[in-house]
Amino acid sequence: MPLDPAVLKREFPPFEFRVERGKIREYALVLGLQDPVHTDPEAARASGYPDVVAPPTFTRQFWHENPGNDPMPHLGYDPKRRLHGEQEFEYFKPLVAGMVLRGRNAIASHEEKPGKRGGMMTFVVIETRFTDEKGELVQLARRTLIETAAPPKAEG
Amino acid sequence: MAIQTASLTYAKWEELAEGARHELTVGPLTRTDFVRYAGASGDFNPNHHDEIYAIRSGFDRPFAQGMLQGGYLGRALTEWLGPASLRKFRIRFSAQAWPGDMVLCKARVTRCYEESGEKRVEVEAEAVTQRGDVLIKATATAAPQG
């Protein structure tokens with residue numbers, strides 16, 4: 001389905017959340033991270049961080065996204081043909097517990113290409129810009145969401 | 001699980017050269033890992049925990065969130081180069097990981113250079129299964145903290 005031009009132009013409001021120690025610890029334990037700077041505030045301080053350090057993929061969270069602040073639910077993608085094709089992060093300063101992050105989503109680019117077996121594939125890159133309390137950039141996260149081509153319809 | 005009190009030691013830029021390697025093996029994956037990752041990330045797509053839903057969606061059984069494998073690869077990089085060493089991390093998803101799979105994370109330095117007043121490396125990495133299926137491919141830029 002072609003992308004709705006109104007969604008491409010729409011601005012999405014920022015969302016805010018406090019980066020929590022417990023949430024970092026949970027995330028680190030799921031991945032089996034051995035480094036205590038993710039789980040033990042004393043170890044983090046001994047290594048020069050103000051508090052426990054978030055693992056590098058930590059900001060790809062669904063907890064803070066909703067149809068009011070995220071373009072994804074408005075793309076009109078068929079859930080059966082929707083893929084998360086790529087995920088990219090750029091890091092500008094360490095993310096540690098206690099920081100209040102402000103995130104803002106925007107469609108960074110979009111493209112439609114013919115599929116190999118007919119139909120059109122759609123690529124949308126959503127960029128999330130995370131800033132801290134001072135307004136300084138902490139991370140940029142980009143997710144590439146793909147809608148694969150619909151199989152050609154049978155005649156009749 | 002016992003929590004260590006001493007931090008890991010990380011690779012030093014001066015000791016890394018093009019071709020330097022690091023590996024981490026995780027697994028075998030269980031459905032419990034997928035459920036724990038769902039709770040940690042908020043990704044409750046039923047394809048990752050609901051057998052009947054996954055089968056109706058055309059899969060043989062539930063499979064791992066791509067970002068779980070992305071997280072393992074991120075772990076491999078930060079345990080090697082330092083918890084705040086990454087400057088860029090780009091992950092491309094190519095195949096699904098299933099319960100019972102081992103995830104072998106492999107990373108290799110492709111370039112050592114200086115930029116923005118920092119000693120940096122570029123790294124190519126991938127996560128593959130015991131069958132040799134490539135789950136994800138990644139590139140990263142890092143400033144090693146050793």
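Which strands make up the open sheet, and in what order do they stand? The order is β1(A)-β3(A)-β4(A)-β5(A)-β2(A)-β2(B)-β5(B)-β4(B)-β3(B)-β1(B), an open sheet of 10 strands with antiparallel pairing. Strands here are DSSP runs of E with at least two residues, helices are runs of H or I with at least four, and both are numbered from the N terminus. Two strands count as paired if DSSP finds at least two bridges between them.

## Before you start

This is a predicted model, in which local features need pLDDT of at least 70 and side-chain atom pairs count only at pLDDT 80 or more, while totals for chains, interfaces and linings use all residues. Residues are numbered from 1 along each chain as its sequence is written, and chains are lettered from A and ligands numbered from 1 in the order in which they are written.

## Chain A at a glance

Chain A holds 3 helices and 5 strands, arranged from the N terminus as α-β-α-α-β-β-β-β. Its radius of gyration is 19 Å, well over the 15 Å that the globule rule gives for 156 residues, so chain A is more spread out than a compact globule. (The radius is taken over C-alpha atoms, and the rule is 2.2 Å times the number of residues to the power 0.38.) Along its principal axes, the C-alpha trace of chain A spans about 70 × 30 × 20 Å.

Of the 156 residues of chain A, 31% count as buried. Buried means 20 or more other C-beta atoms within 10 Å of the residue's own, exposed means 12 or fewer, and partly exposed lies in between, with C-beta atoms placed from the backbone.

## Across the sheet

Let's walk through the strands. β2(A), residues 82–91, is joined to β2(B) by 5 bridges, and the two run antiparallel; here A:Glu88 stands opposite B:Arg90. β2(A) also has 9 bridges to β5(A), residues 137–147, again antiparallel, and A:Gln87 stands opposite A:Arg143 in β5(A).

At the edges stand β1(A) (15–18) and β1(B) (21–26), each with a single partner strand, so one side of each is left without a neighbour in the sheet.

## Where the chains meet

The contact takes 36 residues from chain A and 33 from chain B, where two residues are in contact if their C-beta atoms, placed from the backbone, lie within 7 Å. On the chain B side, α1 (31–41), α3 and β2 (86–93) each supply at least two residues. α3(B) gives the most, with 9 residues.

## A closer look at α3(B)

Helix α3(B) covers residues 66–81 and reaches 23 Å from its first C-alpha to its last, close to the 22 Å expected for its 16 residues; the expected span is 1.5 Å times one less than the number of residues. The helix is mostly covered, with 15 of its 16 residues buried.

Leaving aside neighbours within four places in sequence, B:Leu81 is in contact with B:Tyr10, B:Ala11, B:Ala142, B:Pro144 and B:Gln145. The C-alpha atoms of B:Leu81 and B:Leu68, 13 residues apart along the chain, are separated by 20 Å.
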